[in-house]
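Here is a short briefing on one protein structure. Keep the sequence and the model open while reading.

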Amino acid sequence: MRKKIVVGNWKMNLLKTQAESLANEVVNLLRHVDLSETKKVILSTPSLYLNKISELTGKEKFMFSCSQNIHHENSGAYTGEISAERIKSVGVSYTLVGHSERRAYFDETNELLAKKITTALSQNIVPIYCCGEQLEDRRLENHFSVILTQIEEGLFHLSSDEFKNIIIAYEPVWAIGTGETATSDQAQEMHAFIRSLIIEKYGNDIADDLTILYGGSCKPSNAEELFTCPDVDGGLIGGASLIAEDFVNIVKAL
Ligand code: PEP
């Protein structure tokens, strides 16, 4: 069954005490919201805090912690990196893979991301695979082909059984942190396109169960409109996830 999910991406923000108090505030506010097996909340925090935040979310039935990145190997001489096996050991069950900031600033390619996806799955970590076009791609009407390539090269090496355990986040790069949101029509159009690719490759049942999140300046004022689109199954939230009340109001929009 398709799951509705809201993920907060804290990026490289918050000091330890701020991170803990934000997580506590979110947990407390969400006690008044009906979460369930098909309506979950995930906090993607700086790796330093994953241990602590996992302890907090671990006490809640439908809240989880998430890494913002993993290395493509499970272990070894990779100074400064974190891996799926290590985050698993502190209770993390999700990881972002291929966020546009990692693609842009750390030169992550689809080929590398495909390896990270496989490694995450090998440790039962659910990868949230981010894809999205640049503004120029949209201007030139190349946005569908950019997403097609990102999905094919990043994910289509997976077997059907593996693919059942992934989440996709569509995040148009021009909408991330800019205050400019994709319209609900633009989001729905791309989400439906992504789902059609999955139908073609893996069939109707797997495509129907796939959670596809929207990310890009999602906030309390536009979340409901975005989330009512039939192929938008929740959101990946950056800036607004740093304010407990805003984040929880976005969850309520689910
Ligand atoms: C993100 O970081 O994935 C994101 C969507 O950021 P924002 O909500 O700030 O645009």
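V33 sits in the loop that links α1 to β2 (39-44). The model is predicted. V33 counts as buried because its relative accessibility is 11%, and buried means under 20%. V33 and I166 are 133 residues apart along the chain. Their C-alpha atoms are separated by 25 Å.

- I147 belongs to helix α7. Its relative accessible area is 0%, so I147 is buried.
- F193 is 46 residues away from I147 in sequence. In space the two are 9.1 Å apart, C-alpha to C-alpha.
- E153 is also found in helix α7, which covers residues 143-155. At 45% relative accessibility, E153 is partly exposed, because that class runs between the 20% limit for buried and the 50% limit for exposed.
- E153 is one member of a surface patch of negative charge. E111, E152 and E200 gather there with E153.

**Salt bridges**

- The model holds 15 salt bridges by the rule used here.
- K16 is exposed, with a relative accessible area of 51%.
- K164 and D161 are both exposed.
- R195 lies in helix α9 (residues 184-202), while D231 lies in the loop between α11 (220-227) and β8 (234-237), so the pair ties together parts that are 36 residues apart in sequence.
- Are R195 and D231 buried or exposed? R195 is buried, with a relative accessible area of 6%. D231 is buried as well, at 12% relative accessibility.
- R195 and D231 belong to one network, joined by salt bridges that share partners. R2, D208 and D233 are in that network too.

- Which residues of α11 are buried? They are N222, A223, L226 and F227.
- Seen down the axis of α11, these buried residues fall within an arc of 130°, so they line one face of the helix.
- The face turned away from the buried side carries exposed residues. These are S221, E224 and E225.

- Most residues other than glycine have a negative phi.
- N124 is placed in the loop between α5 (110-122) and β5 (126-131). At 59% relative accessibility, N124 counts as exposed.
- E141 lies in the loop between α6 (135-139) and α7. E141 counts as exposed because its relative accessibility is 66%, and the cut-off for exposed is over 50%.

How values were computed:
Residues numbered from 1 in each chain as written. Predicted model: local features only at pLDDT ≥ 70, side-chain atom pairs only at ≥ 80, totals over all residues. Heavy atoms only, no water. Patch = residues over 30% accessible without salt bridge, like charges linked within 9 Å, V, L, I, M, F, W, Y side chains within 5 Å. Areas by Shrake-Rupley, 256 points an atom, 1.4 Å probe, with all protein chains shown as cover. Salt bridge = Lys/Arg side-chain N within 4 Å of Asp/Glu carboxyl O. Lys, Arg positive; Asp, Glu negative; His and termini not counted. Charge placed at Lys NZ, Arg CZ, Asp CG, Glu CD. Helix = DSSP H or I, 4+ residues; strand = E, 2+ residues; numbered from the N terminus. Buried < 20%, exposed > 50% of the residue type's maximum accessible area, 1.4 Å probe, protein only. Arc of directions from axis to C-beta.
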